[in-house]
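Could you have a look at this one with me? My notes are below the structure.

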Amino acid sequence: MVDTTFIDKLASADPTPGGGGACAYCGALAAALGSMVGNLTVGKPKYAQVEERVKETLGELEALRVRLLGLIDEDARAFAPLAAAYGMPRSTPEELAERDAALQAALVGATEAPLAIMNACVRVIELCDVMAHDGSRLAVSDAGVAAAFARAALMGASLNVYINAKSLADASAADAYRAQADALIAEYAAKAQATFDYVAQEVR
């Protein structure tokens with residue numbers, strides 16, 4: 001049975017969970033798939049030489065899965081003050097100034113949450129590559145799916161970084177957030193694609 005609670009909430013008119021939470025969930029799915037590959041590898045004599053590495057990778061993937069599931073709620077909590085700030089009155093200069101201050105403060109958290117999702121996903125991408133090369137050949141396609149999911153989560157979360165950074169009044173802070181997201185995409189989107197391409201070649 002599939003628990004549809006999260007996806008049903010995602011489909012509703014409620015703004016949370018939204019794109020950030022969906023990316024964290026997608027990243028968690030990638031970590032879970034990577035774990036499946038590892039669990040199908042450990043204990044098999046054929047893979048005895050890589051067993052310790054696979055076990056270490058499994059431990060990291062489990063921690064990342066828990067971290068990404070936690071980031072679903074963190075992303076929603078970060079959005080709450082932003083939504084509240086947008087709803088503040090702005091009929092007087094004083095109200096407008098108060099609203100702007102609240103908005104700027106909330107934008108920081110709303111930008112850092114998806115950036116945290118990106119940082120978790122880059123490690124998932126690295127570990128999916130380990131599973132693609134060292135894991136059971138019977139499950140290599142699942143390692144490729146995991147890499148594709150992790151890449152999608154990385155790219156998707158970057159959009160939330162960019163849209164929130166765009167509204168920051170502090171131009172240097174906005175540039176720093178964008179630069180971090182750009183760097184992660186430049187390196188790890190390519191890594192995930194390379195893993196996927198490797199798996200695609202293996203299964204053809």
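Here are a few points on packing and surface.

1. This is a predicted model, where local features need pLDDT of at least 70, side-chain atom pairs count only at pLDDT 80 or more, and totals for chains, interfaces and linings use all residues. Residues are numbered from 1 along each chain as its sequence is written, and side-chain values use heavy atoms, with hydrogens and water left out.

2. There's one aromatic pair (ring centres within 6.5 Å). The Phe-6 and Tyr-25 ring centres sit 4.6 Å apart with planes at 15°, so it's stacked (planes under 30 degrees apart). It links distant parts of the chain, Phe-6 in α1 (5-11) and Tyr-25 in α2 (19-39) (helices are DSSP runs of H or I, at least four residues).

3. Phe-6 is buried at 18% relative accessibility, whereas Tyr-25 is partly exposed at 31% (buried is under 20%, exposed over 50%, partly exposed in between, 1.4 Å probe, protein chains only).

4. Leaving aside neighbours within four places in sequence, Met-131 is in contact (heavy atoms within 4.5 Å) with residues including Gly-34, Leu-58 and Ala-143.

Methods
Phe/Tyr/Trp six-rings, centres within 6.5 Å; stacked < 30°, edge-to-face > 60°. Helix = DSSP H or I, 4+ residues; strand = E, 2+ residues; numbered from the N terminus.
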